[in-house]
Structures are given as C-alpha cells and as structure tokens.
Amino acid sequence: MSNLIVLGAQWGDEGKGKIVDLLSEKFDAVARYQGGHNAGHTVYLGEKKFVLKLIPSGILRPNVQAVVGNGVVIDPAALLEEIHGLEAAGINVKAQLKISNRAHVIFPFHRTIEKISEGRDDRTAIGTTSRGIGPCYEDKIARRGIRIADLVDNKFSQLYCSLAEDKQLIATAFKIAEKVDFQDILVRYKQYADEIRPMVCDTSHLLNSLIRQGKSVLFEGAQGTMLDIDFGTYPFVTSSSAAAGGACTGTGVAPNKIDGIVGVSKAYITRVGAGPFPSEDLGEAGEKIRRAGNEFGSVTGRPRRCGWFDVPLLRYTAEVNGFDSLIITKLDVLDDLDEIPVCVAYEVNGKVMTQMPASTQAIEAIKPIFEKLPGWKTKTQGIPSLDALPKQARAYLKFLEEKTEVEIGSVSNGPERNETMIVPGSKLEKLLH
Ligand code: GDP
Ligand code: IMO
Ligand code: MG
C-alpha cells in the first residue's frame with residue numbers, strides 16, 4: 001500500500017473530508033499536517049453528519065490511527081470540544097488519536113490579535129475564520145510560540161508568563177488589557193494539558209515507525225493550494241503550507257516516503273473570504289450553484305463565493321503539488337444547468353495567458369476567457385460508474401482532464417461515502433492497491 005497526500009486543489013472546501021473518510025478504509029493511519037480549527041471537513045455517514053476541524057477525517061474508521069501532526073496549530077479548547085463531540089457519537093477518540101508534541105498552541109489572545117488586525121480601517125480584511133490561526137503561526141515563526149510539549153510540561157507556567165508579558169504589551173497599547181484575563185487562561189490551559197497529555201507523543205517517530213513496518217499513511221490537507229502561504233493568492237491566504245510540501249514538514253515524514261499526491265477539486269469552484277477570484281460568477285448562475293451545492297461555510301456559515309472551473313488555476317496547483325490524479329467532487333451540483341462555462345485562459349491587458357500571476361493586482365486584472373460546454377439536465381447523484389453518466393457529463397470530465405493534463409481518477413456525485421466512483425485503470429486506483 002502507498003503513502004498518499006490528499007489535498008485541496010482550489011480555495012478549500014473541495015470535499016476533502018468526504019474523500020479522506022472514503023479512502024481511509026484502505027490506510028492504517030491518517031495524519032493532518034497543517035492548519036487548525038479553521039478547517040471544516042464534512043462527512044456524512046447515513047443520517048449522521050460530522051464536521052471534523054482538527055482531528056483527521058480517518059477517525060471515523062475504528063482501526064485507523066489518527067494523527068495531528070507538528071504542522072498543525074491547536075486550540076486545546078477546540079480540540080477537547082471536538083473530542084467530546086465525537087465521543088458522544090460513540091467514537092473512542094482517545095484510543096485512536098495521537099497529537100504531536102511539536103505542534104503549536106493557540107491561546108485566546110491570538111484571536112484577540114487577529115480581531116484587531118482584521119478590523120483595521122486602513123487595511124482590507126482577509127476575511128479570516130477568526131480562530132487565531134494566523135497570530136499563532138506568527139509566534140511560531142518568530143520563535144516565541146508555545147508547543148504542545150511545553151503545554152504538558154511542568155515548565156509551562158514559566159514559558160506562558162513570558163509570552164503573556166509580550167501580549168500584555170500589545171493589549172495595553174490597544175487599550176484592551178483589562179479584557180484579557182491572563183491568569184484565568186493559565187489555569188484553564190493547565191486543565192486542558194491534563195486531559196490532552198496521554199495522547200501526546202512524537203508523531204513523526206510514530207508515523208515513520210508505522211511506515212517502516214509496511215503500514216500506509218494518508219496525509220490529509222486542510223484549506224487548499226490557493227490558500228497556501230507561499231503559493232496562494234497572498235496576502236488573501238491562510239498562514240500554513242497547505243500544498244503537498246507541507247505534508248512532509250508538517251508531519252516529519254520525508255518526501256521519499258510519499259508514493260502519490262492527489263488533488264481534490266470541485267467540478268466548479270468556490271472561495272470563502274476576501275481575495276481575487278478570476279472565474280467568480282456574481283450573477284444568477286453563481287447563486288444557483290450556491291443553492292444547489294449548499295455552499296455555505298462549514299465553520300463560519302458564511303456564503304461561499306461561487307464560480308466556474310478554472311483551468312489555468314488547476315494547472316498551476318497541479319504543477320506546484322505534482323498531482324498524480326485528480327478527484328472531481330460535486331459533479332451532481334451542475335445537473336440543472338443548460339450550459340457550463342469553464343475558464344480556459346486568462347486575458348490580462350489584452351494579452352492571453354495561462355500562467356497564474358503572483359500579485360493580487362495582476363490576478364484582479366484577469367479577464368477570464370470561458371468556453372461553454374453543454375449541460376446534461378438530468379440527475380447524476382449516486383450514479384456508480386463513468387459509463388453510466390450522461391454523455392455530456394462524461395464530455396465535461398474529459399474536457400477538464402484534457403485541459404488540465406491531469407488524470408481524473410475519481411468522481412464524487414453526492415455527499416455520501418458510496419456516492420463516489422474510482423476510475424478503473426487510473427493511477428489513483430493503482431495507488432490504492
Ligand atoms: P472540505 O473542507 O474540503 O472537507 O469540504 P467541506 O466539507 O467544507 O465542503 C464540502 C461540502 O460538500 C460538504 O457539505 C460535503 O458533504 C459536500 N460534498 C462533498 N462531495 C460532494 C458531492 O460529490 N456532491 C454533493 N452534492 N455534495 C458533496
Ligand atoms: P477547509 O479545510 C475554505 C480561508 C478563510 C480566509 C483565509 C484565511 O475546510 O477547506 P484563516 O482563518 O485561515 O486565517 O483565514 O482562509 N479559509 C478557508 N476557506 N476552507 C477552509 O478550510 C479554510 N480555512 C481558512 O475564509 O479567507
Ligand atoms: Mg471545509
């Protein structure tokens with residue numbers, strides 16, 4: 001069995017949770033490598049709906065070792081809330097989950113700082129999830145962060161006090177010092193530490209040991225490549241390495257242990273929060289997709305901005321990630337459309353281009369060039385094989401495959417596990433054996 005990275009090829013919410021849940025049947029371990037509880041990965045098991053935030057979607061399979069890697073930032077209160085929710089649904093989380101001692105800890109003041117930065121009059125807000133993700137990663141990179149190893153150690157108070165001193169200065173400068181109860185946070189975090197401690201270990205060693213024993217690991221990305229701190233639409237991105245490279249730095253598993261990289265992409269595209277979006281549809285058709293696809297954020301409930309499949313964007317994310325295969329989700333959401341536009345190229349200042357520009361200004365200047373494909377006007381939800389899809393739907397998928405030059409190894413046409421087809425003979429199918 002292979003070790004596989006599964007990650008978002010667009011701006012997040014591509015259906016990674018559903019796909020990871022499905023594929024994890026074939027893996028011994030599933031590891032999250034970056035992000036935090038800004039993620040919302042939805043999995044439906046019959047009537048039951050789970051929205052996984054910090055815990056890998058593989059937790060829903062009792063025999064899967066679930067790992068929260070060192071690249072993740074952890075709000076212990078959010079983690080425990082999620083653990084308790086899953087336990088109430090009958091999942092033995094504490095037996096299945098291991099948490100990296102090298103992951104960084106989110107504190108309530110990280111959220112406060114984010115609120116200040118997002119609320120500044122002189123700056124365009126990023127439209128973050130307000131979970132304190134960015135400020136926690138800032139502390140990590142600035143080498144003053146607190147890690148899980150510190151949280152569960154008896155030196156925690158000392159480290160915490162020096163970080164709190166820093167934050168107190170900021171709180172004083174913004175005249176909100178009296179609103180942050182640093183002592184209360186210290187007490188609460190010590191309680192969290194006691195509950196989390198038994199699950200904490202060196203997860204890099206754990207994963208590498210499993211791999212040495214011939215076991216297979218699925219690496220679950222959060223967010224998407226266009227939200228990656230390096231390759232996304234900076235500064236309208238998240239603060240972590242969502243792209244494939246992040247799976248290695250975020251878990252401590254070396255690149256030569258990875259056998260395949262799979263991108264998850266909707267049959268169209270969505271984005272939550274601010275930032276450029278070349279193929280966005282602000283008209284009726286975009287609204288129709290939002291309704292049909294129930295495109296509202298699984299974490300914040302915000303309406304997702306909707307648009308059309310963007311070929312240059314996908315070619316770009318395929319290049320930076322090295323996708324072996326693509327999984328196309330939510331094909332069924334397009335069932336009712338007479339015709340389906342696909343952005344095939346960009347026009348910038350009168351010139352046709354297919355590269356993704358780096359600057360916000362340049363991306364905002366893009367005029368998308370669309371090709372329209374005929375719709376199929378018939379229900380596709382749950383159709384079990386490519387052959388059984390309407391011919392226009394097959395032509396649509398073939399078009400995406402040819403234009404992106406990445407094989408489509410799987411198509412999802414419904415939120416349930418079984419509403420997914422793996423294309424026979426595809427590279428993806430081979431990677432799953
Ligand atoms: P993630 O963050 O990438 O895991 O995606 P989200 O869970 O935030 O958003 C994807 C949404 O689409 C969820 O509500 C899923 O249940 C749903 N979904 C996933 N695949 C399909 C599909 O093929 N068809 C339909 N109709 N819904 C899907
Ligand atoms: P999953 O894993 C979609 C977006 C936010 C905002 C930007 C920065 O469910 O696909 P942050 O709180 O991370 O600092 O916000 O990133 N964002 C997501 N959008 N899906 C996600 O996760 C996201 N996580 C963050 O909306 O634009
Ligand atoms: Mg999501």
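## A buried glutamine in a loop

Let's start with Q223, which sits in the loop between strand 10 (217-220) and helix 10 (245-249). This is a predicted model, and in it Q223 has a relative accessible area of 9%, so it counts as buried. Its side chain makes a polar contact with the side chain of Q34, at 3.1 Å.

Leaving aside neighbours within four places in sequence, Q223 is in contact with G8, G12, E14, K16, Q34, G35, N38, A39, T238, S240 and A242.

Next comes V51, a residue of strand 4 (residues 48-52). Is V51 buried, exposed or partly exposed? With a relative accessibility of 25%, V51 falls in the partly exposed class, because that class begins where buried, under 20%, ends.

Setting aside neighbours within four places in sequence, V51 is in contact with G40, H41, T42, E82 and S298. Along the chain, V51 and R61 are 10 residues apart, and their C-alpha atoms are separated by 15 Å.

## Salt bridges across the chain

The count of salt bridges comes to 22. One of them joins D202 to R102, with the closest N and O atoms 3.4 Å apart. D202 lies in the loop between strand 9 (200-201) and helix 9 (203-212), while R102 lies in the loop between strand 7 (97-100) and strand 8 (104-105), so this pair ties together parts that are 100 residues apart in sequence. D202 is partly exposed at 29% relative accessibility, and R102 is partly exposed at 40%.

K167 and D139 form another salt bridge, where the closest N and O atoms are 2.9 Å apart. Here the link runs between helices: K167 belongs to helix 7 (residues 156-173) and D139 to helix 5 (residues 133-141), 28 residues apart. Both K167 and D139 are buried.

## A network around E295

Which residues are linked with E295 in a network of salt bridges? The network consists of D13, K266, E295, R304 and K330. Within it, K330 and E295 form a salt bridge whose closest N and O atoms are 3.0 Å apart. K330 is in the loop between strand 14 (325-329) and strand 15 (339-348), and E295 is in the loop between helix 11 (284-292) and strand 13 (305-307), so the pair ties together parts 35 residues apart in sequence.

The accessibility of these two partners is worth a look. K330 is partly exposed, with a relative accessible area of 21%, whereas E295 is buried at 0% relative accessibility.

## Where domains 2 and 3 meet

Stepping back to the whole chain, the protein is divided into domain 1 (4-102 + 200-257), domain 2 (104-196) and domain 3 (265-431). The C-alpha centres of domain 2 and domain 3 lie 37 Å apart, and their contact takes six residues from domain 2 and five residues from domain 3. The size of an interface is often given as the accessible area lost when the parts come together. Domain 2 and domain 3 bury about 350 Å² between them, with 46% of it on carbon and sulfur atoms. G127, T129 and R131 supply 69% of the area that domain 2 buries against domain 3, more than any other three residues.

What kinds of contact are found here? Between domain 2 and domain 3 there are zero salt bridges, but two residue pairs are in polar contact. On the side of domain 2 that touches domain 3, the residues divide into two nonpolar, three polar and one charged.

Notes:
Residues numbered from 1 in each chain as written. Chains lettered and ligands numbered in written order. Predicted model: local features only at pLDDT ≥ 70, side-chain atom pairs only at ≥ 80, totals over all residues. Heavy atoms only, no water. Domains from an automatic or database assignment. Contact = heavy atoms within 4.5 Å. Buried area = accessible area lost by both parts, 1.4 Å probe. Salt bridge = Lys/Arg side-chain N within 4 Å of Asp/Glu carboxyl O. Polar contact = N/O pair within 3.5 Å; in protein donor to acceptor, adjacent residues only side chain to side chain. Nonpolar A, V, L, I, M, F, W, Y, C, P; charged D, E, K, R; others polar. Helix = DSSP H or I, 4+ residues; strand = E, 2+ residues; numbered from the N terminus. Buried < 20%, exposed > 50% of the residue type's maximum accessible area, 1.4 Å probe, protein only.
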